[in-house]
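Welcome! Here is a short briefing to read alongside the structure, beginning with a few terms and then moving from the whole chain to its details.

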Amino acid sequence: MKELLTYVAQNLVEHPEQVSVTEVEGGGETVLELRVAPEDMGKVIGRQGRIAKEIRILMRSAAQRAGKRINVEIVD
């Protein structure tokens, strides 16, 4: 799951080398913390959070196929 989120984020931003994803396990759910360069934050979030919402939907769908629960947090 971490690799999928990294791939998606790197293809959205201007500085793909600054994309990092941290995986935190706990409470039966995995939290993926996405960090990007400050100037790329708008590209990952999108207008009214649309891109961020679609990233979360994509990741939940992929996790559900694998029988897992995933939550994506975009950290600055």
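A salt bridge here is a side-chain nitrogen of Lys or Arg within 4 Å of a carboxyl oxygen of Asp or Glu. Lys and Arg count as positive and Asp and Glu as negative, while His and the chain ends are not counted. Buried means under 20% relative accessible area, exposed means over 50%, and partly exposed lies in between (1.4 Å probe, protein chains only). This is a predicted model, in which local features need pLDDT of at least 70, side-chain atom pairs count only at pLDDT 80 or more, and totals for chains, interfaces and linings use all residues. Residues are numbered from 1 along each chain as its sequence is written, and side-chain values use heavy atoms, with hydrogens and water left out.

**The overall picture**

- The protein has 3 helices and 3 strands, taken as DSSP runs numbered from the N terminus (helices: H or I, at least four residues; strands: E, at least two).
- Along the sequence, these elements follow the pattern α-β-β-α-α-β.
- The C-alpha trace spans about 35 × 20 × 20 Å along its principal axes, and 33% of the 76 residues count as buried.
- Contact means heavy atoms within 4.5 Å; among contacts between residues at least 6 apart in sequence, 51% join residues at least 24 apart.

- Leu 5, Thr 6, Val 8 and Ala 9 are buried in α1.
- Seen down the axis of α1, its buried residues fall within an arc of 165 degrees, so they line one face of the helix (the arc is that of the directions from the helix axis to the C-beta atoms).
- These buried residues pack against β1, β2, α3 and β3.
- Glu 3 and Tyr 7 are exposed residues on the face of α1 turned away from its buried side.

**Asp 40, a buried charge**

- Asp 40 sits in the loop between β2 (29–35) and α2 (41–45).
- Although buried, Asp 40 has no salt bridge, and its nearest side chain of opposite charge, Lys 43, is 4.2 Å away.
- A polar atom of the Asp 40 side chain lies 3.2 Å from the backbone nitrogen of Glu 14.
- Apart from neighbours within four places in sequence, Asp 40 is in contact with Val 13, Glu 14 and His 15.

**Salt bridges**

- Side chains of opposite charge can pair when their charged atoms come close.
- The count comes to 3 salt bridges.
- One of them joins the side chains of Lys 43 and Glu 14 at 3.3 Å, N to O.
- Lys 43 lies in helix α2 and Glu 14 in the loop between α1 (2–10) and β1 (20–26), so this pair ties together parts that are 29 residues apart in sequence.
- Lys 43 is partly exposed at 34% relative accessibility, whereas Glu 14 is exposed at 55%.
- Arg 69 and Glu 29 form another salt bridge, with their closest N and O atoms 3.8 Å apart.
- Arg 69 lies in the loop between α3 (50–65) and β3 (70–75) and Glu 29 in strand β2, so this pair ties together parts that are 40 residues apart in sequence.
- Glu 33 pairs with Arg 35 in a salt bridge, their closest N and O atoms being 3.5 Å apart.
- Glu 33 counts as buried at 19% relative accessibility, while Arg 35 is partly exposed at 31%.

Key. Polar contact = N/O pair within 3.5 Å; in protein donor to acceptor, adjacent residues only side chain to side chain.
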